[in-house]
Every structure is written in structure tokens, then in C-alpha cells.
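Please consult the sequence and the model alongside the text.

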Amino acid sequence: MDARRGYVQAGRCGYVPALMSRGARGADDGDMNDHIVSTDRLTKHYGGRAAVDGISLGVRRGEVYGFLGPNGAGKTTTLRMLLGLVRPTSGTASVHGLAPGSPDALRRTGSLIEGPGFFPYLSGVDNLLVVARYRGLGRYDVDEALDRVELTSRGKDRFRTYSLGMKQRLGVAAALLGRPDLLILDEPTNGLDPAGMASMRRLIHDLSDDGQTVLLSSHLLAEVQQCCDRVGVVVEGRLSYEGTVAELRGARMLEVRAEPVDRAVRAVKAATGAALDLTEDGDGRTVLTGDADGVDVPAAIRGLVAEGVDVHAVAIRERSLEDVFLTMTEATR
Amino acid sequence: MNALAHSARAELRRLLRWPATWVLGGVWLTLQLLFAFAFPYIAYATGDPDAFQGGPMDQLLASMLPQSLPETLIAGTPMFGGAIVMIFAALTVGSAYNWGTWKTVLTQGPGRGAATGGLVAAVGVCVAGLVAVSTAFTYGLSLLVAAVESQDIVAPAWGDFFASVGGSALILGMWAAAGLFLGALTRGPALSVGLGLLWTFAVENLLRGAAALIDGFDVVTDYLPGSGAGSLAGSLTAAGGGDGTPGVLDVLTGTQASVLLGVYVAVFLALTFTLVKRRDVA
């Protein structure tokens, strides 16, 4: 275990973050006053089953926070509790420093939870006007929100005629009404085509650039990897990890395939000072791996060649968020 | 107060653009046209009073003239008027659960009390509008009958007229409150409408049948919602509920019926608020 990083070695993917349950610790990273959303041992039981089991997390002002987890992990239930739609069984939460679901907190929060909920017989514009009226907003805000999600041209069509992606974009438009400080978006890219996803990614970047905080739940880990500053990973109702995406992905790995391996290890060590470990790849072949940070790769290759080792491949491996996520969820199971 | 006003405006906007609002309003006016004018007039014109409740011909004509407006207006409210309004209110709340719009509304920050209050106010405005349109429609038809039959136009007694309008609003308001409660209870449109119609057209009548068999059971059946609505209508018609008009009864006095309906409105609305405020929104 690398205590400095808080990682454990597990499986063939190498390093994965240690499964740190933050339930007992609370959202203690950073300044608590800087948290726009925080929960402390938040729990929701349905009958005897814990849908959310003691989650403590903190979303900092101005960041894009990815909320990850497999289906049924408790993400949406947690988000519902943050919006006051569902009452927690125990634990506490605050949004903007206020109780979740309080009118003041909700007026400063835009949200899209588990798909958009609109009146099918109304047009997109009329639906947004209804929502805007609840917030005391007007036509200007509606037009601006529609424009931001690129739905202006279809705004007068009835909601029931929209494609899944258009419905989703209208849901995001409703969340943007009045430029709230905090956006809680549950799977906002559901049903979007690749262009729509890219557009959504740009929108999230823009929102972040404007200083808005985004709490984003998504299954699309590539999206999260590109968009989010920090992530929280929920598995079976518990927060398994909370930290930056870079920390979660871990160090880049230097991977060497060469024979004989003992001479290869010595050659790399002599040329770069880097220590390599013997591991096996998925096909059972021996691979030498080590931390790639700070390693002079050309020097390592020169050393291997000078030692007369047969070099099959030298590569730097970066693990995707998806690799880490799958490893984490499998490890928990 | 601001949140309540915003909620009411938002709900009214969506209800007035909802086809169901206009379809149900149209059904109400069509039924008024058919049962209060078309069928009686056909019976009158063909000289076959037996075709419509067997009343004397001059009485049949008089029931369609302007001076009978108070009775004509309220006679249809306990049965089909109440059912139509109950369907409308149940659909209003139940469909909002079905479409997921409660979630959208409640996350805008009006507060559950204000959101529910706004919805109740918007439904109340629609019911008041329906009574107003129905009054104008009924009066217009009675003027037409008077003109066609060359009858003198005699305005109804104002006291009777206002009592009828107020009574109609109270009866429809009670059924609307019942519909709101059923929609909130079942969290869906189909079950709420089904249960409401079952109660309106079947259960109350069956209970009244049971009351005829069981001594003392009429203490219960006399105070059911339909009994109150029917009795209020009966108290405002000349026949006093004894002419066989469906749903019009004479088991309670007008005052008793009004108080009973007021209590039902309060109870149904209190239950609706409680259900919306207390339960999780999926």
C-alpha cells in the first residue's frame, strides 16, 4: 500500500485508490465554509434496504463535481435528498448552507433529476414559461436558456414531439433558468447524440468558467474525466472515494516488455534510477511496470539496448477513469 | 404570498393550455344542452311528455325558460357536473405525478405548501370559470327557447339566481377537492379517476341501498359527499329533489348540506396538502 497516495495494488490494472469510506470522516477536505453542498452520514432506507448508507461528501464552490456509481448505487436518491424531494432517514445535508429543499436553497439551484418532467401538450417555450413563473422569471430568461441548449428553433413545438435528446436539452434549459449558482444534473447526456454530448460538455465547461458549481451524475466516464475537477464514487449506497480525477486515475505507468526480465530490470534501474516490478498482463505474459513520473524513457530504452536485452515494447500507460471505476466497483463486489 | 401567486399563475397557464380542460368543459356544456334543453324540448315539441319524465307540457316548457335558470343551472351539478369536475381535478394532480412535473415544480423553490396552494387556486379559478360559462350558456339557451316559443322573458329572482350560482360553485368545489385528494392519494391519473367515478356512480348508491336494509345506517349515508351535493341542489329546486332528477336528493336541508359540503372541502384539501407535503416525490 502506498500510503502517500492512499492507493492499494489490486488486480491486473495495477494501482487503484484505496476504498476509503468517508462515511465516518465527514466531508473534511478543504474549507467546509467553501462547500456549497455538504452531507454528513446521509442515509435513506426503503423498508429494510439502505439505498444510501451514510454518505458524507462535499462539493466546493465553483467546481465541477462528478458523482459516479453503478446503477442502483444510490446516486439519484442522494441527489433527490439534496433537492428536498426525498427525506433522509438519518444524517444531515446542506445546500448553500441551508436545509435541502428549502425555498431559498432551491431558488439558487437548477436541477435535472432522472430525466425531464414536462407537460407533454405544451411547447418547449410554454413549458419553460410555466417553470419560469414558479421562479418569478419571465420570457427573457426562457429565451436565454433555450438558446444556451440550442433548442430555440424547436421551442414552439410540443414537448411530446421532441426526441429523447431534445427532451433532455429542455430539461437542462429548465435547470439553467435564472442562472443559478449550483446545478445538479443527473445523467444530462442521456439520449444525446455525439454532437449533443460534445455540446453538453462545452456547456458544462462554460458554466464552470462562469463560476457556477456543477454536481454531475453520469455513467459516461469519459465525459466525467474531461469535465470534472473532483469526483465521488458511490458503490452500494456508500461513498467509496472522493478526490480529484487525477488522484483517482493514479500515476502513469511505464510498461516494458523485454527478455530476459532480470537484465531488463537492472538496465532500466541503471539508466534511469526507476524501479520496475514484475507483473503479468491479461494473457499471462510477464510485463515490467513502474511509476512513469520523472522517468527518462529514451534513456531507459538506450539502457535496455546497451544491455543487449530483447525489447518487444516500451509504453507509458495512462489508466482511464473507466478502468479505475470498473476496478473499484468489482473490488467492492 | 409571492410564491403562492407565482404558483397559481404558473398552474393556471398550464391548465388553460391543457386540452383536457376544454374537452371536459365542452362535455359539461354538451350535457347541459342535451339534458336541460334538447331532450325536454324534443319531448315538448313532439307533444310526448312521457318521453321526458312525464311532466305536464307547460311545466316542461317553463323549465327551459329564463325564470327557471336557477333550477336548471344547479340540477346537473350533483351528478354529471360533479363527476366531470372530479375527473378534471384528479387528472390535474395525478397526471403531474405521471409526467414527473411535480418534481420539476417542487425543485423550483415555491415550497410544497405554496405549490399545492397554487394548484388548488388554479383549479378553483377553472371551476369558477366553468360555473360562469355554464351560467351564461344556460341563460343563452333559455333565451333562445323563449324566443322560439314566443314566450315572455322573465328574469329569475336574483336571490334564487345567486343561491344557485353559489350552490353550484360549492357542489363543484367539493367534487374538485375530492378529485385533488384522490389524485394526490393515488399519485396517478387512471386510478384516481376510476376510484372517483366508482364512488360517484356506484358506491354511494349501493350504500343508500344498504341503508334501506339496515336500521340506523342512514345516519352515515345521509352525510356522504353525494348526499350533501344532492341535498343542496334539491333545496334549490322547486321539486325539492323529489322529481327524480339523477343525484338530486332531499335528505338534508340546504343549510345542513352547505355546511357538510364546506366540511368536505376543508377535509379533502387538508388531506391533499398533507399528502403532498409529507411524501417523497419519486
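## Aromatic pairs

B:Tyr97 and B:Trp102 are both buried, where buried denotes a relative accessible area under 20%, exposed over 50% and partly exposed anything in between, for a 1.4 Å probe and protein chains only. The ring centres of B:Tyr97 and B:Trp102 lie 5.8 Å apart with the planes at 45 degrees, so this pair is tilted. Rings of Phe, Tyr and Trp (its six-membered ring) are paired when their centres lie within 6.5 Å; planes under 30 degrees apart are stacked, those over 60 are edge-to-face and the rest are tilted. Over all chains, the structure holds 18 aromatic pairs.

The pair of B:Trp158 and B:Phe161 is edge-to-face, because the planes stand at 85 degrees, with the centres 5.7 Å apart. These two residues are three apart in helix H8 (residues 158-186) of chain B, about one helical turn. B:Trp158 is exposed, at a relative accessible area of 57%, whereas B:Phe161 is buried, at 14%. Ring pairs also join A:Phe119, A:Tyr121, B:Trp18, B:Phe88 and B:Trp99 into a cluster.

## Basis of the model

This is a predicted model, in which local features need pLDDT of at least 70 and side-chain atom pairs count only at pLDDT 80 or more, while totals for chains, interfaces and linings use all residues. Residues are numbered from 1 along each chain as its sequence is written, chains are lettered from A and ligands numbered from 1 in the order in which they are written, and side-chain values use heavy atoms, leaving out hydrogens and water.

## Charges over rings

A charge sits over a ring when NZ of Lys or CZ of Arg is within 6 Å of the ring centre and within 35 degrees of the ring normal. The charged end of B:Arg14 is placed in this way over the ring of B:Trp18, 5.8 Å from its centre. In chain A, the charged end of A:Lys167 sits over the ring of A:Phe159, at 5.4 Å from the centre.

## Cysteines

Taking a disulfide as a pair of cysteine sulfur atoms within 2.5 Å, the count over all chains is zero. A:Cys227 is in no disulfide, its nearest cysteine sulfur being that of A:Cys228, 5.9 Å away. Both are buried: A:Cys227 has a relative accessible area of 7% and A:Cys228 one of 8%.

## Fold of chain B

Chain B comprises twelve helices and zero strands, helices being DSSP runs (H or I) of at least four residues and strands (E) of at least two, numbered from the N terminus. Of its 282 residues, 51% count as buried.
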